[in-house]
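Student: I would like to learn to read helix packing and pockets. Where do we start?

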Amino acid sequence: MKYTLAMLSGLALIGLMIACAALPEKEFSLANERRNTLKKYKLDKYASNEFIAAETNYTAGKGYYSNDNGKSKESLDKALSNYQLVMDKGFPAATADSKKEADQPKKQADDIKASVAVKTEYDEAQALYDAALKAKSETNYAKAIDLLQESKKKFQVVAKKAKEKRTKADTAIRSTDKDLAGIEATAKEIERLQAEEKNSAKTE
């Protein structure tokens, strides 16, 4: 009986020690950091199964936090591994998608010669784009995505301004052509009247 009580007391003590283990603050903080990053860049759509596993373990770790810190740390460690898998799969794919998004307005700007029409602003957009590609080559995907999104917005503005300038130039050219045509018509009319006057004078 005494042996049984001692064993039960020992087990209870072990259980209490596990529950009172140090708070997994580092793991919890890092899990939140990775989780926020994944949500910011919407990486879950590139690795949905891994993200679901990560969220399941994160929820468990959060639930055990301060109640059973041993289990909390175990769950959070699993969540961190799952979140890392999502990042490893998601970031390259998300960067590729961001590049495609930036390439569309860049092509529009290039097609209408925006590098000439609005050179300064075009150069700024191109600098962001180049910096993004450099960050991508260095596997700094978060920075690459941010820069690509900035360059996309810049190229959209550049393409719009260049198009407006081109429209104004075309309108001015058409207006000039119209004026020239009017002058030519007037000159011909004067020539016709002068010819009529000469013919009338000869007849008299």
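Tutor: Start with axes. Axes are lines fitted to C-alpha atoms, for helices over the stretch in contact, and angles run from 0 to 180 degrees between N-to-C directions. Helices (H or I, at least four residues) and strands (E, at least two) are DSSP runs, numbered from the N terminus. This is a predicted model: local features need pLDDT of at least 70, side-chain atom pairs need 80 or more, and totals for chains, interfaces and linings use all residues. Residues are numbered from 1 along each chain as its sequence is written, and side-chain values use heavy atoms, without hydrogens or water.

Student: At what angle do α4 and α6 cross?

Tutor: Roughly 155°, with the axes coming within 12 Å. Helix α4 covers residues 69-111 and helix α6 residues 119-137. Angles under 35 degrees count as roughly parallel, over 145 as roughly antiparallel, 65 to 115 as roughly perpendicular and the rest as oblique. So α4 is roughly antiparallel to α6.

Student: Is the crossing of α4 and α6 left-handed or right-handed?

Tutor: Left-handed. That term applies if the near helix is turned anticlockwise from the far one by less than a right angle; clockwise is right-handed.

Student: Which residues make the contact?

Tutor: Contact means heavy atoms within 4.5 Å. From α4 come T95, K99, A102, D103, K106, A109 and D110. From α6 come Y122, Q126, Y129, L133 and K136. The classes are 5 nonpolar, 2 polar and 5 charged. Here Ala, Val, Leu, Ile, Met, Phe, Trp, Tyr, Cys and Pro count as nonpolar, Asp, Glu, Lys and Arg as charged, and the others, Gly among them, as polar.

Student: How do α2 and α4 pack?

Tutor: At about 25°, axes 9 Å apart; α2 is residues 25-40. The two are therefore roughly parallel. The crossing is left-handed. Among the α2 residues in this contact are F28, L30 and L38; α4 residues include L76, L80 and F91. By class, this contact has 10 nonpolar, 2 polar and 5 charged residues.

Student: How is empty space found?

Tutor: A probe the size of a water molecule, rolled over the atoms, shows where space is left. On a 1 Å grid over the protein atoms alone, a cavity is a set of points where a 1.4 Å probe fits but cannot get out, and a pocket is an open set with protein on both sides within 12 Å along at least five of seven lines; lining residues have an atom within 4 Å of a point.

Student: Which element gives the largest share of the largest pocket's lining?

Tutor: α4, with 4 residues. Both α4 and α7 (141-203) give two or more. Lining residues include Y41, D97, E101 and Q149. The lining has 4 nonpolar, 2 polar and 5 charged residues.
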